[in-house]
Amino acid sequence: MSLIIPTYHYVRDFRNTRYPDIKGLDINEFEFQINHLNTNYTILSPADVKRKIIEKIPFEDHDCWLTFDDGYKDHFEYVRPLLNKLGVKASFFPPVATALNRTILDVNLIHHILAVNSDKELISQEIKDIYFEIEVAHSDYNFEKIISTIDIPNEMISHPYDDKETLIIKRLLQRDLPEMIRATISEKLFQKYVSSDIESFAGDLYMSIDEIEQLHQEGHEIGSHGYNHCWLSRLDYKKQLDEIQKTKEFWLERGVFKENWTICYPYGDFNEDTINISKDCGVLIGLTVEHGIASMKKNDMLTLPRVDTNELPKQ
């Protein structure tokens, strides 16, 4: 008995976008896919998923639960109308910072930089050049040493839709360079290639607090995707606790979170501390980016695998 959990990110009208090279699902493909799932599976509401877990009712082989990460405006403009038309409820995971502070996640800075400039060798060289402008004391060896620590074979297994050069750029700017340095580099490249008005761009890219609350009022679940969308395993226990508690408190104050809430780990990244903190904070379900079908027998409910939208029919 199993549960298929599709994970969605960008869902947009790619015929009318400035960024056609962003990897995502076109609205027509999305509509086909949702109709396929609605016809061939039982799309459970988040409340139904939780009830089955709490009451230990086995999932059926064609049970399905829809999840949408990162809080994109796409989800409000394109996803919400179709789900509401079909009477389908889903779970949405917006980071607090994108909705509240109108900042852009580093992952989205990188997506858009690469979408408008496909010359990855040039981007890599610019990353290196800016790095040395900031960290003049670092040798070329040290920069290359940082790159050498990236586990490319394993990363390509976890991210099968990215090539080696893209993965290196993403890992440098999302995780492996020092935090302040990678933030500076990402913002410089974004302002050079994409937009100098980061706040306005963020307003167009992400849902607002009001839109997120409207999704909740319409019966969809709002779950945790972190306050600042951090790599949790890279934080010590105290910082992880602060990140998870701040997120919980923010949504609790707005009446969005209730008991037995759901966490979707940013980047799918977690460790034992994350699991223990999540349990203590009242989390019932934790979602990863591990590929697979979820099972009550095989999986811990705090580390459920999901399937990529590319693994499902689109037409």
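Of the contacts in the protein (heavy atoms within 4.5 Å) between residues at least 6 apart in sequence, 67% join residues at least 24 apart. The model is predicted, so local features need pLDDT of at least 70 and side-chain atom pairs count only at pLDDT 80 or more, while totals for chains, interfaces and linings use all residues. Residues are numbered from 1 along each chain as its sequence is written, and side-chain values use heavy atoms, with hydrogens and water left out.

The protein has 14 helices and 12 strands, taken as DSSP runs (H or I, at least four residues, for helices; E, at least two, for strands) and numbered from the N terminus. For 315 residues, a compact globule would have a radius of gyration near 20 Å, and the protein agrees with its 20 Å; this radius is taken over C-alpha atoms, and the globule rule is 2.2 Å times the number of residues to the power 0.38. Along the principal axes, the C-alpha atoms fill a box of roughly 60 × 45 × 40 Å. Some 53% of the 315 residues are buried, meaning under 20% relative accessible area, with exposed set at over 50% and partly exposed in between (1.4 Å probe, protein chains only).

Now for the inside. The largest nonpolar core has 43 residues, and Tyr8, Phe30, Leu66, Phe68, Leu83 and Trp251 have the most contacts within it. Such a core is a set of buried Ala, Val, Leu, Ile, Met, Phe, Trp, Tyr and Cys residues joined through side-chain atoms within 4.5 Å. At least two residues of this core come from each of α1 (27–40), α3 (73–86), α4 (96–100), α12 (209–217), α13 (237–253), β10 (261–264) and α14 (272–280). Another core, of 38 residues, lies apart from it and includes Ile113, Ile130, Tyr131 and Phe143. Back at Trp251, neighbours within four places in sequence aside, the contacts are Pro94, Val96, Ile209, Ile212, Ile222, Val256 and Phe257.

Lys170 sits in helix α9 (residues 164–176) and counts as buried because its relative accessibility is 11%. Beyond residues up to four places away in sequence, Lys170 touches Ile110, His111, Asp162 and Arg175.

Two non-glycine residues have positive phi. Lys56, with phi near 55°, is in the loop between α2 (46–55) and β6 (63–64) and counts as exposed at 67% relative accessibility. Asp70, at about 85°, is in the loop between β7 (67–69) and α3 and is buried, with a relative accessible area of 5%.
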